[in-house]
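Please walk through this model with me, one region at a time.

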Amino acid sequence: MNQKNSKRDRAKNGKLTFSISFLFPAFILYTVFLILPMLASLYFSVLKWDGITTAKFVGTKNFVDLFTNDRYFMKVILNTVKSMAAGACIQLPLAMILAYLVYRTTRGFHFFQSVYFVPVVISATVIGLMFSLFFNPSFGPVNAFFQAVGLKGLIKNWLTDPGVVLFSVIMPGIWQYIGYHFIILLAGMQSIPREIIESAYIDGANSVDIFFQIVIPNIKGMIQVCLVICLTGAIKTFDIPYLMTQGGPGAESTFLSIYMYKEAFVDSSIGRGTAVAVCMLVLALTVTFLVNGVFTFLNRKD
């Protein structure tokens, strides 16, 4: 009996060791590249430090200065919120519509699936340069098109006019990542049993009815994932806007990530820059919890 128990214990210990050996590398990577940098950010955010001289502990002064004495910070937050809203209200609906159209397509399914995903794999540098040329006020095709069709009132200095520059730097990112959400939503639609769709057609439902009454309720989980990715991605938007305008003019096209970079590496204020990064983290966590809470409530209601 003791031998059987000892063999059972050795088997359990062997399984435990085997499991730990697989989890340990992931745990190390997660700790080194996420937990430790997060803790370091919290530490640096309470310091006054230029990265070279001796750091000075200032407590919450960096955060207080950002919210009370900084003339640009609230503008930057508003720009970021507008980018998040554009993603949720423009990018996701377009991705969902495209996914549904391709889902219903019988010919060219794989062609459209590939074409819509192509912008996702294009370098942000290329996209930033491409849209900078598109919006160029002198020779860009956008103003040339408005000139050709007689809509001269729509001709703008797209990258310097405070009234339209935010739109100009948000739209390229929306265009690039529509395909990313398109693929996720399309995969969700393909997981819906075909019998449900066919039964709805037999009962007289049209495509619009099927979209709202069958497709959307059955891919609610995918929509939740896409919404979280879209909103948190907008919070860390950096590459394309910075390449196009460097956040200008003033702070009209500056987002939190760009402001963090300028504070930390342009103005050599590591403490304030890290405080901005902490604000980004808090905003991302808040948005994630809110979205998950809303979808949990909707699922319970159903």
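Ser-268 sits in the loop between helix 12 and helix 13 (270-301). Helices here are DSSP runs of H or I with at least four residues, numbered from the N terminus. Phi of Ser-268 is near 55°, a positive value in a residue other than glycine. Ser-268 is partly exposed, at 36% relative accessible area. The scale runs as follows: buried is under 20% relative accessible area, exposed is over 50%, and partly exposed lies in between, with a 1.4 Å probe and protein chains only.

This is a predicted model, where local features need pLDDT of at least 70, side-chain atom pairs count only at pLDDT 80 or more, and totals for chains, interfaces and linings use all residues. Residues are numbered from 1 along each chain as its sequence is written, and side-chain values use heavy atoms, leaving out hydrogens and water.

Step back to the loop between helix 11 and helix 12. Gln-246 is found there. Its phi is also positive, near 55°. Gln-246 is partly exposed, with a relative accessible area of 40%. Pro-249 belongs to that loop, between helix 11 (239-245) and helix 12 (256-266). The peptide bond from Gly-248 to Pro-249 is cis, with omega near -5°.

Now take helix 3. Its 31 residues, 73-103, should span 45 Å at 1.5 Å a residue, and the end C-alpha atoms are 43 Å apart, which agrees. The expected span is 1.5 Å times one less than the number of residues. Helix 3 has a kink of about 30°, centred on Gly-87. That bend is the angle between axes fitted to the seven residues ending at a residue and the seven starting there.

What of the cysteines? The structure holds zero disulfides, a disulfide being a pair of cysteine sulfur atoms within 2.5 Å. For Cys-89, the closest cysteine sulfur is in Cys-230, 9.0 Å away, so it is too far for a bond. For Cys-226, the closest is also in Cys-230, at 8.5 Å, again too far. Cys-89 is exposed at 59%, whereas Cys-226 is buried at 1%.

The largest nonpolar core has 65 residues. Helix 3 gives the largest share of this core, 12 residues. A nonpolar core is a set of buried Ala, Val, Leu, Ile, Met, Phe, Trp, Tyr and Cys residues joined through side-chain atoms within 4.5 Å. Phe-73, Leu-185, Met-189 and Val-215 have the most contacts inside this core.

Asn-143 is buried, at 6%.

Methods:
Helix = DSSP H or I, 4+ residues; strand = E, 2+ residues; numbered from the N terminus.
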